[in-house]
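Student: I would like to learn how to read the packing in a model like this one, feature by feature. Could we begin with the structure itself in view?

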Amino acid sequence: MHCSSYYLKPAALSYLLLAVLTACSSSPTGRNQVILFSDSEMSQLGSQSFEQLKKTETVSHDPKINTYVKCVADAITKQVPQQESFTSWEVVVFDSPQVNAFALPGGKIGVYTGLLNVATNQDQLATVLGHEVAHVLANHGNERMSRSQITNTGLQISDVALSSSGYGKYRDLTMGALGLGVQYGITLPYGRTQESEADIMGIDLMAKAGFDPNQSIQLWKNMAKASGGNQPPELLSTHPSHSTRINDLSTEIKQLPKYNTKATQCQ
């Protein structure tokens, strides 16, 4: 850990090292992680962020779209083990041209109507939602906040961000760390490792839920087309390139158990 820009008192340094050593964990795929925050803390932050979004974004009340999106989301979340920090998942559709969706700790799922122009069927939408729910299950938001806490970049969550005044002060950074950077202009995207991990877990989730994982390939082809070829080279991006993603998904699909991938109908 490089701390040349900061002065840490010996007691503070000892506490930080102890926290890191005792917070080592493993992701669902076996990758080592440092997790500093509890599930209840993350659920509180996710719920606060979601309530803020519902106030600032336009919520869609189109019954057909809401029924369709909720059907796909419910099928995915039924495959998720019961969580200790919340009892149910809330799904909200936002009326916006953004090609985006997210899932937050605390069981919050948001889908932007613009995504439905790219994820053109239930299986492609399930690909996205499985991927986003996987970010939550793999504690990726917690992992990024923990890293920020360790490197002293300003997300002093343990002291202030969980209080009402503290959350307001650090709201945008918190939302960025939870994967909502697009909406708030905070450049904190998930890293390539986290994205690839969410792809692997998400494919398994959607297949278990009765969706066709082969449609994930077409989804990312649609994404590549929608981006107009403007995606930066992979080495300059924290996300896998579309071609790498498609290749990795193709390999993963071949290794999936024989699920009934036509069991769910949400059209």
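Tutor: A nonpolar core is a set of buried Ala, Val, Leu, Ile, Met, Phe, Trp, Tyr and Cys residues joined through side-chain atoms within 4.5 Å, where buried means under 20% relative accessible area, exposed over 50% and partly exposed in between, with a 1.4 Å probe and protein chains only. This is a predicted model, in which local features need pLDDT of at least 70 and side-chain atom pairs count only at pLDDT 80 or more, while totals for chains, interfaces and linings use all residues. Residues are numbered from 1 along each chain as its sequence is written, and side-chain values use heavy atoms, with hydrogens and water left out.

Student: Which residues have the most contacts inside the largest nonpolar core?

Tutor: In general, nonpolar side chains in soluble globular proteins tend to be buried together. Here the largest nonpolar core has 39 residues, and Ile 109, Leu 125 and Phe 211 have the most contacts inside it. Among the elements that give two or more residues to this core are helix H4 (122-137), helix H10 (215-226) and strand E5 (108-112); helices (H or I, at least four residues) and strands (E, at least two) are DSSP runs numbered from the N terminus. Another core, of 13 residues, lies apart from it and includes Phe 50 and Met 145.

Student: How is the packing of H10 and H11 described?

Tutor: Two packed helices are described by the angle between their axes and the distance between the axes. Axes are lines fitted to C-alpha atoms, for helices over the stretch in contact, and angles run from 0 to 180 degrees between N-to-C directions. H10 and H11 pack at about 175 degrees with axes 9 Å apart, which makes H10 roughly antiparallel to H11; angles under 35 degrees count as roughly parallel, over 145 as roughly antiparallel, 65 to 115 as roughly perpendicular and the rest as oblique.

Student: What should I look for in E4 and E5?

Tutor: Two strands pair if DSSP finds at least two bridges between them; E4 and E5 run antiparallel and are joined by 4 bridges, Ala 101 having Val 111 in E5 as its bridge partner. They form a hairpin with 3 residues between them, and Gly 106 in the turn has a positive phi of about 95 degrees.

Student: Is Leu 115 buried or exposed?

Tutor: Leu 115, in the loop between E5 and H4, counts as buried at 1% relative accessibility. Among the residues that Leu 115 touches, beyond four places in sequence, are Val 99, Leu 125 and Met 223, contact meaning heavy atoms within 4.5 Å.
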